[in-house]
Amino acid sequence: MELGEIQAALGPSQPRFRARQIYDAVYRRRIIDLSAISTLPRPLREKLASELPIGLPAIEKRFDSTDGTRRYLLHLADGKTVETVWMPEGERSTICISSQVGCPVNCAFCLTALLGLERNLTAGEIVGQVLRAAADNSLEANADRVNIVMMGQGEPLLNLAGVIKATRLLTDPEGMAISPRRITLSTSGIIPKIVEMAREPVRPKLAISLNASTEEQRRELMPITRKYHLKVLLDACREYPLRAWEKLTFEYVLLKGVNDSDADARRVVKLLANLNAKVNLIALNPGPGIDFETPSAGRVASFQSIVRKAMPCFIRKPRGLDVFAACGQLKRMELVALAP
Ligand code: SAH
Ligand code: SF4
């Protein structure tokens, strides 16, 4: 909740500084249990803990991977669940958060797509995922040792108002104070919303899921391309106002025998020419109901070596595969449970 909303929720009977005290405790000091905010009078603390809708989701289940990744199934106030992934890596950890329950975009290789969209998350629920994961992993307040990626369930640009408000809360210097350089939003390419996001003074970094080297191929893999053409998408990318420190990231899921040839790699280089870009390659994480295969490590390396001659190109290593926390796997367990 933003400061003004906390103020409004408290009502006129409370002095104005109370809202600031609560905001400071939750977002700057990350005291997520409102009944433990010692700067507040006890009766108020108890009232708040039961009544103030800050949107903090509860941990329903936690799945710990052997590589340190933790996948959370979080319970929202209306009983729906959403997933968040914690990925420790040396000094800095990454928290992968969801923007919607399910996803309305039906990419052929993604498990989340099979669920369809249930609803958008509120800004409180988006930020709440970060607060929950940070608290459960004893991340110190203000340590700024996290990267946030909006790459969990959902298409974040179809919940632009929610994700922008969440970004303001995450980056507020008086609150969680996470640098916008550490927050990345990944989209399947909702062109008008990319244009809209470009106008926001506080916004995450932009990553685009490219996933194909031709218009036809992308239309097969990502039906949303029928509405938002690849050519127009790349034009919008060229117009996108990058900040001095920023590059566009393009993600590319490699599917064996479909989009992983050397010719595909050369076409990707051509498509992204004249863009200040880097490419992240993700070898497919397989799943039930997904009719694609993972290319060999050699194929992935060959693809990378071609793209790398033109721009930075990295291979994203899968995290938490054993607990189905990797890209495109979220919701797997629920789907398996649903299977006949
Ligand atoms: N909806 C947004 C963000 C979430 S998906 C988007 O599509 O960009 C995050 C990334 O995971 C995307 O780049 C997507 O292409 C990739 N992805 C989806 N399914 C995958 C799978 N089965 N294996 C590997 N990557 C996958
Ligand atoms: Fe939605 Fe992204 Fe999965 Fe496509 S890849 S279905 S946009 S979550």
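Reader: What's the average pLDDT of the protein?
Author: This is a predicted model. The protein averages 90, and 95% of the residues score at least 70.

Reader: Where is the pLDDT below 50?
Author: Over residues 336–340. Beyond near neighbours in sequence, that stretch has one contact in the model.

Reader: On to H2. How many residues does it have?
Author: Helix H2 runs over residues 17–28 and has 12 residues. From first C-alpha to last it reaches 16 Å, close to the 16 Å expected.

Reader: Which residues of H2 are buried?
Author: Arg18, Ala19, Ile22, Tyr23, Asp24, Ala25, Val26 and Tyr27.

Reader: And what covers them?
Author: The cover includes helices H1, H3, H4 and H5. Just after H2, Arg30 takes a positive phi of about 55°.

Reader: New topic. How many salt bridges are there?
Author: The structure holds 22. One of them pairs Glu2 with Arg168, with the closest N and O atoms 3.2 Å apart. Glu2 lies before H1 and Arg168 in H5, so the pair ties together parts 166 residues apart in sequence.

Reader: Is Arg168 buried or partly exposed?
Author: Partly exposed, at 38% relative accessibility. Glu2 is partly exposed too, at 24%.

Reader: What does Asp235 pair with?
Author: Lys231, with the closest N and O atoms 3.3 Å apart. Both lie in helix H8, four residues apart, about one turn of the helix. Asp235 is partly exposed at 33%, whereas Lys231 is exposed at 55%.

Reader: Which residues do shared partners join into one network?
Author: Arg62, Asp64, Arg70 and Asp136, through salt bridges.

Technical notes: Residues are numbered from 1 along each chain as its sequence is written. Chains are lettered from A and ligands numbered from 1 in the order in which they are written. This is a predicted model: local features need pLDDT of at least 70, side-chain atom pairs count only at pLDDT 80 or more; totals for chains, interfaces and linings use all residues. Side-chain values use heavy atoms; hydrogens and water are left out. pLDDT is the predictor's confidence in each residue, from 0 to 100. Contact means heavy atoms within 4.5 Å. Helices (H or I, at least four residues) and strands (E, at least two) are DSSP runs, numbered from the N terminus. The expected span of a helix is 1.5 Å times one less than its number of residues. Buried means under 20% relative accessible area, exposed over 50%, partly exposed in between (1.4 Å probe, protein chains only). A salt bridge is a side-chain nitrogen of Lys or Arg within 4 Å of a carboxyl oxygen of Asp or Glu.
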